[in-house]
Amino acid sequence: MAIILDDISRTFSEYLLIPRLTRKGQRADAVNLKTPIAAYTKGQVSRLQINVPIVSACMQAVSGAQLSISLARQGGLSFVYCSQPIDRQVEMVRQVKAHKAGFVQSDSNTTESTTLAEVSELMQKTGHSTVPVTENGTATGKLLGIITDKDFWEFEDDLSRTVGQHMTPFDDVIHGQEGISLTTANKLLHKHKKDCLPIVDANDCLTALVFKKDYVDHRRHPQELLDESKRLCVGAAINTHDYQERVPALLEAGADALCFDSSDGFTDYQLEGIRWIRENYGSKPIIGGGNVVSPEGFDFLVEEGGVDFIKVGIGGGSICITREQKGIGRGQASALLDVAKRRDAYFEETGRYIPICSDGGMANDTQIVIALAMGADFVMMGRYFAMTEESPTPKMSINGQMYKPYWGEGTLRAQNWQRYDDGMSTRKMVFEEGVDAYVPLVGPLADVLDTTLYKLRSTMVNVGSDSLVEYRERAILTLVSAQSVVEGGTSSVFQFNSNRELKDADWGLEN
C-alpha cells in the first residue's frame, strides 16, 4: 500500500514570525539582501550572487526582455522563457546583455561617403543620436570620426551631402585607448562634457563606446545586477528536449544562469540534460534543477546531477492546477521546510551549499517574507511580475479597470507541451495543468518591488537580523489558527473611501 506521511501539507499563510530582539542601531535601510544563486563550498563565495532575493518565473506572460532589464536594474534576476524558438530566446538574452554594458560594441556605424539622408534614416531606425564613422563602416573598422544629430539639420541642410562633410574628424574626437578602466573613461566624459567616448586600439580601430547615460543609469540604480563586464545579468530557461541546441546558443549569447523549466524535475530526463551540460561545459554554467518537493528529489538532482540550485514547489502557483488535475504536489511551506532541512544536513555532511528557490505559493508580500524565513535563498514568482508595466503582455481595459493577460505554461495558450511531456506520448497536450486568466495592472516593477523589499527589510529588523543568513538562523515560526487569521485583520471598524461623502446612515444616525 502507499506510504502515508504523518505531517500535514501546509502553506505559508498558516505561519507567523515571532519577533526577536531588535538591536540598537539596526535599520531597515542597512539590511543586506544579497543571496547566492550558485552552489559553493564552505569558506568560499558563490560565483553568482543576486542583490535581492527575487527572480521572475520562466513564463511567456512574465519574463521577456523588458522585464528582465527592469528586474536586473533592481538587483534581481529573470529567467527568459524557453517555450519559444531558440533564436527568439537568444535575441531576448542579447537585448538584456546589450542594454547596459559599460563598454558597448557599436551597433550603428557608417562611412564617410554615406549621405546625410542615409545616416538620418539610421538614427531614426535605431534611436541612436551618435554614430561612429569608420573606414569600412563596421563596429571594428578604423575610426575616422563621429557624427551626431547636432552636426546637421534634417530640414535645413542638403541631405545629399556626405557624412564626411559634416562629421567631427578623428583628430578632434575625444577618445580613450583600449585597456582604459570604466572609471577613467567616465572621468574623460565628465571632463570634456561629452555624452559618448569612443575606445580605440593601437591602430585606431574602434573597439567600444562608453556612454554618459550608462553612468547616470548606474548611479540611479546602485543595486543593479552586473556581470564582470558591467553588463546586466539575465538567466534563461531550458527544457529536457532541445537542450543540446538551446544551451550552446544561450551561453554564447551571454546567459548568466540556466534553469530547467519543468513541472516535475525528479526525472531521468532532467538528469540526462544536466549531465550533458556538465560533460560539455564543465562546472562553469550555473544550472538550476527542479521542481521538487521532497528531500529525495533534492538528493537526486544534487548528488546525481550536480546542480547549482534547486527549485521547490509543485502546484502552488496562482494559475497552476496540477494538484487538482493529477493529485500531485505538496503544500509549499511543508515542501520548503523539508527540502531546506535536507539542504542544511547536506551542507554539514559535504561542505557544499546548494541554494534553494521557493517557486510558487506566494500570494502576497508577507508570504515572501515567510518563505525566506523558512530557508529559501530566493523566491521565484510569476503573477507578481505579470501585473507590472514591464511584463510582455498587452494592457487592456475591463469594466474601466486595467488588466494584463496571465496564463500558465501548462495551458493550451502556452502550447508548452515539452514542459509536461512524459517521454512516452507523441501527443502534444491531452489536458491542461494551468489556467488562462487576467491580473490587475499595478504599475512599474521598480515601485512594486521597492515596497516588497522594504517590508522584507523591516521584518528582518523585527527579527534582529542584518542579513538573510542571520534572518533564517534567528527566525522562529508559529502555526496560526483560523481564528487568529481573522484577529490579524481589521475588525469592528468601518472602512470607507475618503473621497466619498459620509452620510448619517454611515454612522448609524439616520433616526
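Strands S11 and S12 run antiparallel and are joined by five bridges, in a model that is predicted. Elsewhere in the chain, eight strands close into a barrel whose pairing is parallel, and helices H6 and H8 pack on that sheet. Several backbone features also deserve a careful look, among them a cis peptide bond between glycine 290 and asparagine 291.

**The S11–S12 hairpin**

- Within this antiparallel pair, cysteine 196 stands opposite phenylalanine 211, a residue of S12.
- Five residues lie between the two strands of the hairpin, and in it aspartate 204 takes a positive phi near 65°.
- Strand S12, which covers residues 206-211, is mostly covered, with five of its six residues buried.

**The barrel and its helices**

- The order of strands around the closed barrel is S5-S6-S13-S14-S15-S16-S18-S19, with parallel pairing; on average, neighbouring strands of this sheet are turned by 25° against each other when direction is ignored.
- Strand S14 (residues 257-260) pairs with S15 in the parallel sense over two bridges, and cysteine 259 stands opposite glycine 288 in S15.
- Helix H6, made up of residues 243-253, packs on the sheet and touches both S13 and S14, while its direction makes about 175° with that of S13.
- Helix H8, made up of residues 295-305, also packs on the sheet, where it touches S15 and strand S16 (309-312), and its direction makes about 155° with that of S15.

- The bond that joins glycine 290 to asparagine 291 is a cis peptide bond, with omega of about 15°.
- Asparagine 291 belongs to strand S15, which spans residues 287-292, and S15 is one of the strands that close into the barrel.

**Positive phi at two lysines**

- Lysine 193 is not a glycine, yet it has a positive phi of about 55°; this residue sits in the loop between helix H4 (182-192) and strand S11 (196-200).
- With a relative accessible area of 75%, lysine 193 is exposed, because that value lies over the 50% cut-off.
- Lysine 230 likewise has a positive phi, near 65°, in a residue other than glycine, and its place is in the loop between helix H5 (212-220) and strand S13 (235-238).

Note on methods: Residues numbered from 1 in each chain as written. Predicted model: local features only at pLDDT ≥ 70, side-chain atom pairs only at ≥ 80, totals over all residues. Heavy atoms only, no water. Helix = DSSP H or I, 4+ residues; strand = E, 2+ residues; numbered from the N terminus. Buried < 20%, exposed > 50% of the residue type's maximum accessible area, 1.4 Å probe, protein only. Pairing = 2+ DSSP bridges. Axes fitted to C-alpha atoms, helices over the stretch in contact; angles between N-to-C directions. Contact = heavy atoms within 4.5 Å.
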